Amino acid sequence: MAARSRRERSVDYWPGFVDALSTLVLGIIFLLTVFVVVQFFLSQEVAGKDTALVRLNAQIAQLNDLLSLEKTGKLDMEDEIARLRAGLSGAESERDRLKASVEGTGGTSAQKLIAESQNRIGTLTNSLDSEKNISARALAQVELLNQQIAALRSQLGALEQALEVTEKKDRDSQARIADLGQKLNVALAQRVQELSRYRSDFFGRLREILGNRPDIRVVGDRFVFQSEVFFDSGQAVLSTDGKAELDKLASALLDLDRQIPPEIAWVLRVDGHTDVRPIANPQFPNNWALSAARAISVVQYLMTKGISPQRLVAAGFGEFQPLDPDRTEEAYRRNRRLELKLTER
């Protein structure tokens, strides 16, 4: 009756522990989701701006090449026009000279020369007009290219401004993320302290239920029972004393099941371990089979006490996870154990 009164007066911290852990997990998931979404959109926007900038730079380089070719062609045409003008001037001088000779002599040969000169002058004039037309078209193309280059430079300037705005937003986002990370670290540190206190209180409650026995220890987040608490040597059938200890544990688990919200998928994992000395008989061909059979025996007995099978897990590890690697009787005794751990499914 005294033990029952102490259990009723004990403070149950388990719901607070579960709420704190759930809030912490949800906060971390939310912050990580915000960070991933912001990084994704920023990377997409910067990548698009970089692609457009590269494309415009390539177009500007191509237009600069075309402008250089047009300027070279313009210079060549201007040289040709100057040459034709010089030829025309010479032809006109020759014409004037021949006219003067005809007027002085009145000969037939002079008239022929005049006719030939006039034909030559006509040809040169036609060539000059053609070159002028070609030069005018080239100047029009050069002007169009200059307008296109100006428009592209304007677009390039707008893209550079947009890129600067995007980079500034990225820097601001990084600063906000760093600030959130710092606040999250502070919150995590506070939560860790609270969770450590809840865990210590919970383990203390289980220690009170199970009793302060040397063959039952708390190691990290597990309760470690020596195999002799539940089983005889080389056997997987629960002893009478072992069933009595499991009755206490089953009572605590039933109380725990009523307190934990149903949406929390918790389980009690029972891990069986043996020492390194081999066993070989028709019932257990090796230590792995023995450790698994002992874990299953514990789980099946707890089921008979009303523990839901959805809340129980049995596992056997044989001799492959020893606590003490020495080859002494004390080391063998420590390695023969059952570990009980509350965890999520």
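Me: How many helices and strands does the chain have?
Reply: Six helices and five strands. Those are DSSP runs numbered from the N terminus, with helices being H or I of at least four residues and strands being E of at least two. This is a predicted model, where local features need pLDDT of at least 70, side-chain atom pairs count only at pLDDT 80 or more, and totals for chains, interfaces and linings use all residues. Residues are numbered from 1 along each chain as its sequence is written, and side-chain values use heavy atoms, with hydrogens and water left out.

Me: In what order do the elements run from the N terminus?
Reply: They go α-α-α-β-β-α-β-α-β-α-β.

Me: And how much of the chain counts as buried?
Reply: 30% of the 345 residues. Buried means under 20% relative accessible area, exposed means over 50%, and partly exposed is in between, using a 1.4 Å probe and protein chains only.

Me: What share of the contacts is between residues 24 or more positions apart?
Reply: Among contacts with a separation of 6 or more, 74%. Contact here means heavy atoms within 4.5 Å.

Me: OK, helix 5. How many residues does it have, and how far does it reach?
Reply: Helix 5 covers residues 287-304, so 18 residues, and it reaches 26 Å from first C-alpha to last, close to the 26 Å expected at 1.5 Å a residue. That expected span is 1.5 Å times one less than the number of residues.

Me: Which of its residues are buried?
Reply: The buried residues of helix 5 are Asn287, Leu290, Ser291, Ala293, Arg294, Ala295, Ser297, Val298, Val299, Tyr301 and Leu302.

Me: What do the buried residues of helix 5 pack against?
Reply: Helix 4 (240-259), plus strand 3 (266-273), strand 4 (312-316) and strand 5 (337-344). Helix 4 has 20 residues and reaches 29 Å, close to the 28 Å expected. Its own buried residues include Leu246, Leu249, Leu253 and Leu256.

Me: What's at the start of helix 5, and what comes just after?
Reply: At the start, a side-chain oxygen of Asn286 comes to within 3.2 Å of the backbone nitrogen of Trp288. Just after the helix, Gly306 has a positive phi of about 100 degrees.

Me: Arg294 was on that list. Which residues does Arg294 touch?
Reply: Not counting residues up to four places away in sequence, Arg294 touches Ser227, Phe231, Asp232, Ser233, Gly234, Gln235, Ala236 and Leu338. The relative accessible area of Arg294 is 5%. Arg294 and Ser227 are 67 residues apart in sequence, with 8.8 Å between their C-alpha atoms.

Me: Switching topic: what is the volume of the second largest pocket?
Reply: About 200 Å³. A pocket is found on a 1 Å grid over the protein atoms alone, as an open set of points where a 1.4 Å probe fits, with protein on both sides within 12 Å along at least five of seven lines. The volume is the space filled by probe spheres set on the points, and grid points are joined across faces, edges and corners.

Me: Where does Asp275 lie?
Reply: Asp275 is in the loop between strand 3 and helix 5. Asp275 is buried, at 6% relative accessible area.

Me: Which side chains does Asp275 make polar contacts with?
Reply: Its side chain has a polar contact of 3.1 Å with that of Arg277, and one of 2.9 Å with that of Arg336. A polar contact is a pair of N or O atoms within 3.5 Å; within protein, one must be able to donate a hydrogen and the other to accept it, and residues adjacent in sequence count only if both atoms are side-chain atoms. Leaving aside neighbours within four places in sequence, Asp275 is also in contact with residues including Asn287, Glu319 and Tyr332.

Me: Last one: is Leu312 buried or exposed?
Reply: Leu312 is buried, with a relative accessible area of 10%. Leu312 sits in strand 4, and its C-alpha is 6.4 Å from that of Val299, 13 residues away in sequence.

Terms used
On a 1 Å grid over the protein atoms alone, a cavity is a set of points where a 1.4 Å probe fits but cannot get out, and a pocket is an open set with protein on both sides within 12 Å along at least five of seven lines; lining residues have an atom within 4 Å of a point.
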